[in-house]
Amino acid sequence: MGMIVACPPSVFPAAPRRALWPMSHLLSLSLQPKPQNAITIAVSSRALFRMEEEQRIYKEKGVEEYVRYQLEHENEPLSPGPAFPFVRALEAVNSRLRELYPDSEDLFDIVLMTNNHAQVGVRLINSINHYNLFIERFCMTGGNSPICYLKAYHTNLYLSSDEEKVSEAIGEGIAAATIFSPSKDVAVPQSQLRVAFDGDAVLFSDESEQIVKAHGLDMFFEHEKTYENKPLAQGPLKGFLEALGRLQKKFYSKGLRLECPIRTYLVTARSAASSGARALKTLRSWGLETDEALFLAGAPKGPLLEKIRPHIFFDDQMFHVTGAQEMGTVAAHVPYGVAQAPRRTAPERQAPPAAQ
Ligand SMILES: [Mg+2]
């Protein structure tokens, strides 16, 4: 709680629920901690909106030209970015929760986290209002690292298109991923939030992945069989699956198990027969489950994800992220574990770069 006070005044606090608010209103609100049970999702402006042209101007012509361009186009809404359908789906879940539990604060709380110049804030707010998004918090870090703010908001998930910031967040124990636009458009469901997770180095730690890298697949199969009943340690996205599970239970207790507006998927390269049991038993030991578990035994993930049509798919290996992206899935890279470049690897487990 103290950290919220410590953040600079450029942090914009919660706006009244369901309200569309002008900039002047935002600035006048006092800082409030988030609702106790809210699940906070922080998204960057470039994750929520497409800003390629703006980014090009920033890189080629510098910050002054960039701000001037943004001011000139202030009343022109930005196009939806990779995180947009996901945010929309979170809001659809929120409205179902509000119908079923009018007094509950168990909701997704979306924070726009941006290091943009304050002048660009008006265009962002205009865009948010244009699409009727209920983004209740707005945090302009003015070039500072977002970590302090992410911690202050007890962020459950941070999505950005800046891999360095995402790596920094992961290093601080915050669930985070670099989100990519799909290469083609695949329609996603409007009334059900679908989230797909890889297993190793995403929901689980990378301990088994290390065995593969160091000793090969045969040793990995043997190892997973031997330790089938020993749960894997948790990975960076475990807490987010847990948060989704908490909301799912609220729907189940209203008799909505089959029509639950949240559906989760484990999409792993493990094979069911040789190494799948340990993954499932680990989830069970945490009191968690996914609605579907898909063991691909090394087959590509893209074609399957195209059928699932998730709003987001998390994987620690760029190979799978790219494969998903090419088939029209919004994929997000979790820069954690042994599959990353050596600089991301802990000193005691230095390994050559992963062969992807
Ligand atoms: Mg993995």
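Of the 356 residues of the chain, 53% count as buried, where buried means under 20% relative accessible area, exposed over 50% and partly exposed in between, with a 1.4 Å probe and protein chains only. This is a predicted model, in which local features need pLDDT of at least 70 and side-chain atom pairs count only at pLDDT 80 or more, while totals for chains, interfaces and linings use all residues. Residues are numbered from 1 along each chain as its sequence is written, and side-chain values use heavy atoms, with hydrogens and water left out.

The chain folds into 16 helices and 13 strands; these are DSSP runs numbered from the N terminus, helices being H or I with at least four residues and strands E with at least two. Take the contacts (heavy atoms within 4.5 Å) between residues at least 6 apart in sequence: 75% of them join residues at least 24 apart.

Let us turn to the metal site. The magnesium ion has Asp198 (OD), Asp200 (O) and Asp316 (OD) as its protein donors, at 2.0 to 2.3 Å. Donors here are N, O and S atoms within 2.8 Å of the metal (3.2 Å for Na, K and Ca), and since water is not among the atoms, sites may look incomplete. Along the sequence the donor residues follow the spacing D-x1-D-x115-D. Asp198 and Asp200 are both buried.

Next come the aromatic rings. The model has 9 aromatic pairs, counted when rings of Phe, Tyr and Trp (its six-membered ring) have centres within 6.5 Å; planes under 30 degrees apart are stacked, over 60 edge-to-face and the rest tilted. One of them is the stacked pair of Phe197 and Phe314, with 5.5 Å between centres and 20° between planes. Phe197 belongs to strand S9 (residues 193–197) and Phe314 to strand S12 (residues 312–315), so this pair ties together parts 117 residues apart in sequence. Phe197 is buried at 0% relative accessibility, and Phe314 is buried with a relative accessible area of 0%. The pair of Phe220 and Phe221 is tilted, its centres 5.7 Å apart and its planes at 55°. Of these two, Phe220 is buried at 5%, whereas Phe221 is partly exposed at 30%. Ring pairs also link Phe49, Phe84 and Tyr131 into a cluster.

Tyr101 meets charged side chains: Lys250 lies over its face, 4.3 Å from the ring centre, and the charged end of Lys254 sits over the ring at 4.8 Å from the centre. The rule is NZ of Lys or CZ of Arg within 6 Å of the ring centre and within 35 degrees of the ring normal.

Finally, the structure holds 25 salt bridges, each a side-chain nitrogen of Lys or Arg within 4 Å of a carboxyl oxygen of Asp or Glu. Among them are these:

| Salt bridge | N to O distance |
|---|---|
| Asp106 and Lys250 | 2.8 Å |
| Glu306 and Lys184 | 3.1 Å |
| Glu224 and Arg270 | 2.8 Å |

Asp106 and Lys250 are both buried. Glu306 is partly exposed at 22% relative accessibility, and Lys184 is partly exposed at 37%. Glu224 is in helix H12 (residues 217–226) and Arg270 in the loop between strand S10 (262–268) and helix H14 (272–285), so their bridge ties together parts 46 residues apart in sequence. Glu224 is buried at 1%, and Arg270 is buried at 4%. Salt bridges with shared partners join Asp200, Glu207, Glu224, Arg270 and Arg278 into one network.
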